[in-house]
Amino acid sequence: MCGIVGCILKDDEAAPVLLECVKKLEYRGYDSVGIATPSSKINIRKDKGKISEAEKNVKLSDLPGNMGIAHVRWATHGIPTQKNAHPHTDCNGKIAVVHNGIIENYKELKNNLESEGHIFKSDTDTEVIPHLIEKFMDQGFDLEIAVRKTLDMINGSYALAVISTDEPGKIVGVRKESPMIVGKGDGDYFLASDVPAILKHTNNIIYLEDGEMVILDADGVTVKNVLGEIIEKEIHIIEWTPDMAEKGGFDHFMIKEIHEQPDAVRDTLMESSEIEKIVNNLGGIERICFVACGTSYHASLIGKYLFESLMGLPTDVILASEFQYSSKAMDEKTLVIFISQSGETADTLKALRTAKKRSETLVIVNVVGSTATREAKHVVFTRAGPEIGVAATKTYVSQLTCVYLLAAHMSKRMDLVEELHKIPKFMVEVLDNEDYIHRIAKKYKDAQDFFFIGRGFSYPTALEGALKLKEITYIHGEGYAAGELKHGPLALIDDGVPVVAVVAPGNIHDKTLSNVEEVRARGAHVISVGSSDDEILKSESKDMMVMDSEIDELISPIPYIVPLQLLAYYISVEKGIDPDKPKNLAKCVTVE
Ligand code: F6R
């Protein structure tokens, strides 16, 4: 879940460009940062902490040369320290490596290398790689062959970039189960973990497949397959502009992305005809199974309510990390729908690889060219644009939009598609009321615990509201089906405990109100999300975040999440936390 970049530039110094690119990858990890360039030796600058902190201690871009590699780290093996920061080198400081992924057999390799006299400087799994390359180069192999021989020895997942002083002017990159893209500019060549990192420099992108190797040098880019044969790769022209990956005047990416949600829904609705085509090609589906993690799992839960209520289709929802243990009932009549904004989540990809052996697979994904798009039979794109903030917001509402479009086309409910077109307006109304939600956030920022409750379509919304709060405020937040409270959690409700009640109008309204009464009777402070004409709810609530009274219960999950995202965001800001970079989390989880 780290981020890597490499570049060879025609006219410019590489280190400042690498630093600028790696800043765009900070959402992938911010435990440490490092850059290396080759000259007569490998020159390295690295330190622990976020890039802005590391820059205070180390002049990261003060390195010579027009080529190099860089890394931001999300620690797996070895705590975040300067010595564990990448790039890692061999014994003689002639080879440098940046790595995203995990080397599973590193202990055994390290023991062998140490017994052969190699000296290790870090606690990372990565460091075995430069030492193995060193060993093979000492035996007379060139860099490319030495990397190949190293790959034969390591187990696990990786995206690697390697440089050596013995072959200056060359970067070797490889990928296996961790993303890597290549950028081909005009005399400037790049590799990176994802597109926004290099978008300012080029939008001509090559997607590497597992097992492929790329060699960058002054003459350009060469891609080889596992056998070492040169292969022709398609160049994709990416339509995202660099501005789409900038803050555009907002304080944080997260709030910018929350504000982009009306457009994200509008743009995703344009996928309707593509989705219709896919639906027309699905034959004899008798059962649906959604598979996802985190926020994407919450989008899946709403899918269950939707498919079951519109079509009566039996629908399961399985956490991707649990799929191996609970997917036995799947067969060729099951459509397994994977939801993943990144398309690179290791748990989701593993489940996808298992499911496609016996079922029809469809992935709902935001990142064009990501691994999931190449592995699933059918691909539906969310049109949210690049999401940089670690907490998913606009990709979530876009995922939901796709789920609703799928359900609408499968059930032939075109009236539902019409309803969906009203959602951007409902979202704008909430965003116009942002200052009020900010005031509520100030009131509750010091709470120790929060509860979120909802029924039916509002239950996953409660779960997602609680997840957003936990992630970016570090306040303990639990989401519950409102009816479940009395089966245990009610014991935790005391005077002044904030309970966020999601009370969309419709079938579940009155029953949820009874649950609101229950918590109020135990002293809870009820913060509700409900219809602007819901006078009873207003009278039961200490604070109410009002929604347009025209919003139908069926589509309520999409607009109703917006106030909860804003609440979490403003509590985070009030607590002095950076909501874009919550501790211990990374945007793209490429380890199981
Ligand atoms: C929460 C969040 C995570 C992701 C989860 C799955 O805000 O972003 O819970 O939803 O890690 O990631 P994707 O959707 O990329 O598979």
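Two helices, α9 (294-311) and α17 (458-473), each contribute at least two residues to the shell around the ligand, where helices (H or I, at least four residues) and strands (E, at least two) are DSSP runs numbered from the N terminus. The model is a predicted one, in which local features need pLDDT of at least 70, side-chain atom pairs count only at pLDDT 80 or more, and totals for chains, interfaces and linings use all residues. Residues are numbered from 1 along each chain as its sequence is written, and side-chain values use heavy atoms, with hydrogens and water left out.

Helix α9 provides the largest share of this shell, three residues. In total, 13 residues surround the ligand, the closest being Ser296, Ser340, Gln341, Ser342 and Thr345; a residue counts as near if one of its heavy atoms lies within 4 Å of the molecule. By class, the shell holds four nonpolar, seven polar and two charged residues. Here Ala, Val, Leu, Ile, Met, Phe, Trp, Tyr, Cys and Pro count as nonpolar, Asp, Glu, Lys and Arg as charged, and the others, Gly among them, as polar.

Turning to polar contacts (pairs of N or O atoms within 3.5 Å), an N or O atom in the side chain of threonine 345 is 2.5 Å from an oxygen atom of the ligand. Glutamate 471 places a polar side-chain atom 2.8 Å from a ligand oxygen, while valine 390 has a backbone N or O atom 3.5 Å from an oxygen atom of the ligand. Taken alone, the ligand exposes 400 Å², of which the protein buries 91%, with accessible areas taken from the Shrake-Rupley method with a 1.4 Å probe.

The ligand sits in the second largest pocket, meaning that more than half of its atoms lie within 2 Å of the grid points of that pocket. Pockets are open sets on a 1 Å grid over the protein atoms alone, with protein on both sides within 12 Å along at least five of seven lines; a cavity is a set of points where a 1.4 Å probe fits but cannot get out, and lining residues have an atom within 4 Å of a point.

The largest pocket has a volume of about 820 Å³, a volume being the space filled by probe spheres set on grid points joined across faces, edges and corners. Of its 44 lining residues, Trp240, Asn366, Val368, Gly385 and Pro386 are the closest to the centre. Helix α7 gives the largest share of the lining, three residues.

Notes. A polar contact is a pair of N or O atoms within 3.5 Å; within protein, one must be able to donate a hydrogen and the other to accept it, and residues adjacent in sequence count only if both atoms are side-chain atoms.
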